[in-house]
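Work through the following exercises with the sequence and the structure open. Each task is followed by a solution in steps.

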Amino acid sequence: MNKFLFAFMSKVSKRYLLITIIILVLGLYFRITNLSNKIYWVDEVATSLRVAGFTKQELIQDVLNLGVIEIKSLQYYQKITLKKSFYDLVKALIKSPEHAPLYFIVARIWTEFFGSSIFSIRSLSVIFSILSLPSIYWLCRLLFQSSKPGWIAVLLLAISPLYVAYAQEARPYSLWLEIILLSQITLLVCLRSNSLLNWFYYTIILILSLYTSLLSILLIIAQSAYVIIINKLRAESQVIFQLIAVGIALIFFSPWLIIMAQNWQQFQDNTTWMKVHLNLGAMAVIWFYSMATIFIETPIYLNFDAMILTRIIIDINLFILVIFSLCFIYRKTNKSVWLFVLLQILIPLIIMRGLDLTLGGQRSTAIRYMMPSYLLVHVTVAYLFSSKILTASKGFFQTKKQWIVLLFLILFIEVSSCTFMLNKSPQYQKTRNLHNPEIAQILNHNPLAILLTEPSNILDAISISYLLKPSIQFQLISNPSLLTLLPLSRTLYVLNPSLDLINQIRQKLGDFEIEQVYQPKLLTEGEIHLSLWQLKT
């Protein structure tokens, strides 16, 4: 009997080991496939600009002085050159104080060794994303004292369309997630050992997290609340050590806080999109939709058809699963576990959404800002599945087999979503540049065209330049009267002109007409987007 049981368990283990290897390989494949070909959107353009040591103001001034140039010449400002040193990088970062500097410094070092190509700079995020897999396993092992929730969390995270998408982006988010996981791991280790060395490690991780994202303060608030509550509001040594760690981290972060204060107007100007009004109904839909993006990604559009209906049904069921997993972890684990998880999920969500509801704006609709909370949602779902698969019981949807089937269904949804995204990016990720291919297609039909852009849209022009034929030229326009100096034999396009520019052309330049040739379909009225217009004489 024992021999039969051992043979059966070995067979099962080998089967699940094979499935695990397949999913991990798929996770790597999804992260590196088409890494160079997906839209290099305006935020990534800003990353390369800063890493190269240029500011947007320098870029605008240089290009204004050059007049009509080859469109590919704009990409000079995306590459490391001898003209710009590491000191120029620091100056460029100070001009964009809304972004903490650590990722950009690491990216500079990385590109010094591996080059400034899209593949090179994005591959850094791929590496950080891969590192998050053993980290989430370690976190689950510490939380639940078992390896099984960790392995399920690794599988869910490896092929999550949300984290795969951001693993392919030259932005700080994959680094941020890895550092957040390390902060959670070191905090749990500190609370169990209470050694000064571990608290030192925790302090270092907090400093790194703040220098990676300003939003790390939300996680620090949640972790501080956890330590205080778990110690029953008493000034125990753990509370004192944790608060000292937070205090030291804030002291070390204070130089950047001073830079933010000195450049406050720049900070405000660079984050104006956060304050754009979005009605409550649209925000609620985005909040609901964003939770589902952990597991699924499909086309999103306004027409109500079978595809959208299927997506809504799946989203509702996934939402129910998440809520059930949160309730399950509350009921089945001790206070030190469920409080750790729930506080770090709920506090960032409540603060961000509360700010939007009280002050106005759409901060909480940026899915990338909610990713740390969603990361722990993965942990709760993994714990639910591991518990249900290990525990046999009677009743509706209570058998091991049913839960295994459900787990594989979710993994299948994730794989299908990542497969769908192999050649494209999700709606929520590239936002204003999502329709670059359509704009580039129009421009490429006229290989001798000149693309005109106001200074405010120059980063968008660089973003589109990666999709354009080399023969297309570019002109930055600060004064509409300069349009009369352009060669009228060429086809002239204007990228996303402001209403003021359109009115000036129509009122002051009677020889020109301007008409829209491309306008994307919008999901919401306030959606930020790019349009293309053509100048005619």
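A crossing of two helices is called right-handed if the near helix is turned clockwise from the far one by less than a right angle, and left-handed if it is turned anticlockwise. The structure used here is a predicted model.

**Exercise 1. Describe how helix α9 and helix α17 cross, and list the residues in the contact.**

Solution. 
Step 1. Two packed helices are described by the angle between their axes and the distance between the axes.
Step 2. Find α9 at residues 173-193 and α17 at residues 367-390. Their axes come within 10 Å and cross at roughly 40°.
Step 3. The crossing of α9 and α17 is right-handed.
Step 4. On the α9 side, the contact is made by Tyr173, Trp176, Leu177, Ile180, Leu181 and Gln184. On the α17 side, Arg368, Tyr369, Met371, Pro372, Leu375 and Leu376 take part.
Step 5. Sorted by type, the residues of this contact are 10 nonpolar, 1 polar and 1 charged.

**Exercise 2. Classify the ring pair of Tyr40 and Tyr466 and the ring pair of Trp199 and Phe241.**

Solution. 
Step 1. The count of aromatic pairs comes to 25.
Step 2. For Tyr40 and Tyr466, the distance is 5.4 Å centre to centre and the angle between the planes is 70°. Planes over 60 degrees apart count as edge-to-face, and this pair is edge-to-face.
Step 3. Tyr40 is in the loop between α1 and α2, and Tyr466 is in the loop between α21 (458-465) and β3 (473-476), so the pair ties together parts that are 426 residues apart in sequence.
Step 4. Tyr40 is buried, with a relative accessible area of 3%, whereas Tyr466 is partly exposed at 22%.
Step 5. The ring centres of Trp199 and Phe241 are 6.1 Å apart and the planes are at 50°, so this pair is tilted.
Step 6. Trp199 lies in α10 and Phe241 in α12 (residues 237-262), so the pair ties together parts 42 residues apart in sequence.
Step 7. Trp199 is buried at 4%, while Phe241 is partly exposed at 24%.

**Exercise 3. Which residues does Ile502 touch, and is Ile502 buried or exposed?**

Solution. 
Step 1. Locate Ile502 in helix α22 (residues 499-508).
Step 2. Buried means under 20% relative accessible area. Ile502 has 6%, so it is buried.
Step 3. Leaving out residues up to four places away in sequence, Ile502 touches Pro497, Ile514 and Trp533.
Step 4. Pro480 is 22 residues from Ile502 in sequence, and their C-alpha atoms are 9.3 Å apart.

Terms used: Residues numbered from 1 in each chain as written. Predicted model: local features only at pLDDT ≥ 70, side-chain atom pairs only at ≥ 80, totals over all residues. Heavy atoms only, no water. Axes fitted to C-alpha atoms, helices over the stretch in contact; angles between N-to-C directions. Helix = DSSP H or I, 4+ residues; strand = E, 2+ residues; numbered from the N terminus. Contact = heavy atoms within 4.5 Å. Nonpolar A, V, L, I, M, F, W, Y, C, P; charged D, E, K, R; others polar. Phe/Tyr/Trp six-rings, centres within 6.5 Å; stacked < 30°, edge-to-face > 60°. Buried < 20%, exposed > 50% of the residue type's maximum accessible area, 1.4 Å probe, protein only.
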